[in-house]
Amino acid sequence: MKIKSFPKILTLLTAVVWSYIPNAFSQSLWYETPAKAWEEALPLGNGHTGAMVFGGINQEHIQLNDVTLWSGHPMDGNNTEAAKVLPELRNAIFKRDFTGAEQLWKKMQGPFSANYLPMGDLLLNFKFDEATVRNYKRTLDLKRSETVTTFKVNGVTYTRKAFISYPDKVMIFSISADKAHQISFSAGLESVLRNVSKGKKNSLILSGLAPQATTEKLGYPDALQYDEQNGMKFEIRATVQHIGGTLRTEGNKLIVEKADEVTIYITEATSFNGFDKMPSGDKNPDLTAKSKAIAAVKKGKDKILADHLKDYQHLFNRVTFQLKSPDYSNLPTDTRLKRFAHDTTDLDFQTLYFQFGRYLMISSSRPGGHATNLQALWNDQAKPAWRSNFTININTEMNYWPAENLNLSECHEPLFDFIRELSVNGAKTAQTNYGISPGWVAHHNSDIWAMTNPVGAQGQLPGAFCWQMGGAWLSTHLWEHYAYTFDKKFLRETGYPLMKGAAQFLLKWLIQDPESKYLVTAPSTSPENGFFIDGKKHFITRASTMDMSITRELFTDVLKASKVLKVDPDFSTQLSDALNKLYPFQIGRYGQIQEWYDDVDNPKDTHRHVSQLFGLFPGNQIHLDDTKALAAAAETTLVHRTDYSTGWSMAWKINWWSRLRNGDHAYLLLCKAFRFMDPFVKTKDGVEAGGTYPNLFDACPPFQIDANFGVVAGIAEMLMQSHRGYIDLLPALPKSWQEGSINGLKARGNFEVSMTWKAGKLVSVSIKSVSGGNCNIRTPDKMKVLKQAKSHIDAQGLLSFPTIAGKTYTLVRI
């Protein structure tokens, strides 16, 4: 299909405005052609309903998701034989019989997770002569969370708009034309899952059934398996309102002819009724979808839009980010992405990507919804890669790294709800699989049913599956939320009980190492990686660096929380004692942070997981200031692992280099993350080189949402850090970002930070103290606080001053 549209790219390149415009910045993704691949379509969401809008001319395709639509149902995947095997397994590890240990571990595994599913597709079919199409443009407006598609045919300009409302739980799709009686199309609903669809008056209705989970195999069977009695049910409704023209039903289609304007209200629901309840129970998705549709039509699209904008912009407008840059906004987004390979002067594209990441978080994770999975909210495959589940050995956590520092604390809430659910099932797993109570555990995979058992069924390799640290890592997010918000009620009622439960498990999971006499984890792995001894690859050992780092981080967080709440002195003593006995970091023979208990690291290993650096980020254990040797070893490790890898791995590396205050290397990785990935070109097996798809989704490959969030968290770390008890301004500013501003970042201590800089130096800083208390700041330049006589430079060289809750303080360069 050839569409006559804007001038050719060459013309556009010559039309770039080369004068720098620091006050202008892009906040829209736009394209000259409809999406042909899913990775070119534009995402919408409200934390519950997700949609991918293709912007087709003769067929508009809207692919739909519901965050709760998963295969299967609650099941007990715990292994009653595992606890009996554990002593023998540990004995094999301590004897360095790694082959024997791995064979024993296989007896301790359980079923695989369920998978996240697509719900359906709304297809609108038109009859345009595409040869006459002019001025085509499709846009995702980040300021409004709205897609807009416009084009002109035979002198008529058509406009299609779509958004999904969080307050009203409905998707609105509207079609208008600048001349009367010009809108004619047929509409139908489809799904790749078992379904029945029909047209009824002015509505399309699709009722469907989710398949059963395939828990005994790593892959999928050829055909989906269904269970009418126990499967999750779902329904989609598309209710059509029109001005002018006619509307009629033909079978399972709606036909609109010669209308002036059309509005489609899209609602959906599933029979999901909780992580611990069968989805075939009393909850009726038909009634829910119908009631939402009735309420939406009654309210009307204009009021729904007004409330949608108020709700969305309340979150999105909190943070602005600008860099002095040439203005390339007259180029399509995919063109700008492709250009980045040979011209990185489009700094405005980086700020666009930053705000797109914030947009994705607001769209996919909202209070009352569920935590984001590997693809957040968006998936069009019945058999998605890695089941599109919750992979909690990095990916789920990375999804929420920007929640606090990018001022979106509310979007963190679904993860806390998920942690609570995991703690319930995880207590059963801890007791059944390991004989540990009280306390709870989660392994590396989970799903909507809050599965906590180790996966692998019988016979699968244990490289990823033998990992007991998922609950502990997730629990560190609970302390982080408190550190940013000072919400003591949350800490007392939600955060601390969950953190304590995870710590209770680890206290009993730790065992004294007969060699070093330290407390260690055994069995232990470094996620998905292995080591070689005598030419043979192994996975299971004791005291991997990641295990010990997560344990150290959680114990420290729980101790801080108990001090804030003034509770559990006896338990705090136990934690303190154990903390002092943990197997410490080791610097290996190549000057690296050792990944394993033994010094068996390979400096040529470029594995995507660099889990031994957890203590550098997101942990708070390796610092340039007071653990210089470990920081130097961490840098050596990063050099060994190299830069190019999967999308999420490069995102993590941006954060690591930022913590090492090497802004130029962090920026180098940021640029590499913008490697254009053609969705029509299949990546060769074994190639770990990620990038970015045309719609700016991360390419792991294939699509995973984690790097979208990890990269923007890294950008924030380049500009501000606050993990050391003070606010560190411009700690890793790259030379390329000579002039810019950012407003609304959140720092630990419940401070909101805004700043501008020129020639790489701070010009002014604004600090809003939300909770009050002392504010300590590290700056690359000498600053003073205006109208604050009590400010001073403390013994650490920090600018320190008392603050009053609700007051904003201005700092200027001296």
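Author: Helices (H or I, at least four residues) and strands (E, at least two) are DSSP runs, numbered from the N terminus. This is a predicted model, in which local features need pLDDT of at least 70 and side-chain atom pairs count only at pLDDT 80 or more, while totals for chains, interfaces and linings use all residues. Residues are numbered from 1 along each chain as its sequence is written, and side-chain values use heavy atoms, with hydrogens and water left out.

Reader: Where is His481 found?

Author: His481 belongs to helix H11, which covers residues 470-485. The protein chain has 18 helices and 35 strands in total.

Reader: Why is His481 called buried?

Author: Buried means under 20% relative accessible area, exposed over 50%, and partly exposed in between, with a 1.4 Å probe and protein chains only. His481 has a relative accessible area of 8%, so it counts as buried.

Reader: What is His481 in contact with?

Author: Contact means heavy atoms within 4.5 Å. Leaving aside neighbours within four places in sequence, the partners of His481 are Glu404, Ser409, His412, Phe416, Phe486 and Phe490.

Reader: What makes Ile767 buried?

Author: Its relative accessibility is 0%, so Ile767 falls in the buried class. Ile767 sits in strand E30, residues 761-769.

Reader: How do you know that the protein chain agrees with a compact globule?

Author: The radius of gyration is taken over C-alpha atoms, and the globule rule is 2.2 Å times the number of residues to the power 0.38. For 814 residues a compact globule would have a value near 28 Å, and the protein chain has 27 Å, which agrees. The C-alpha trace spans about 80 × 70 × 50 Å along its principal axes. Of the 814 residues, 62% count as buried.

Reader: What is the largest nonpolar core?

Author: A nonpolar core is a set of buried Ala, Val, Leu, Ile, Met, Phe, Trp, Tyr and Cys residues joined through side-chain atoms within 4.5 Å. The largest has 235 residues, and Leu719 and Trp737 have the most contacts inside it. Beyond four places in sequence, Trp737 touches residues including Phe321, Leu347, Tyr667, Leu719 and Trp757. A second, separate core has 8 residues, among them Phe163, Ile172, Ala296 and Ile304.
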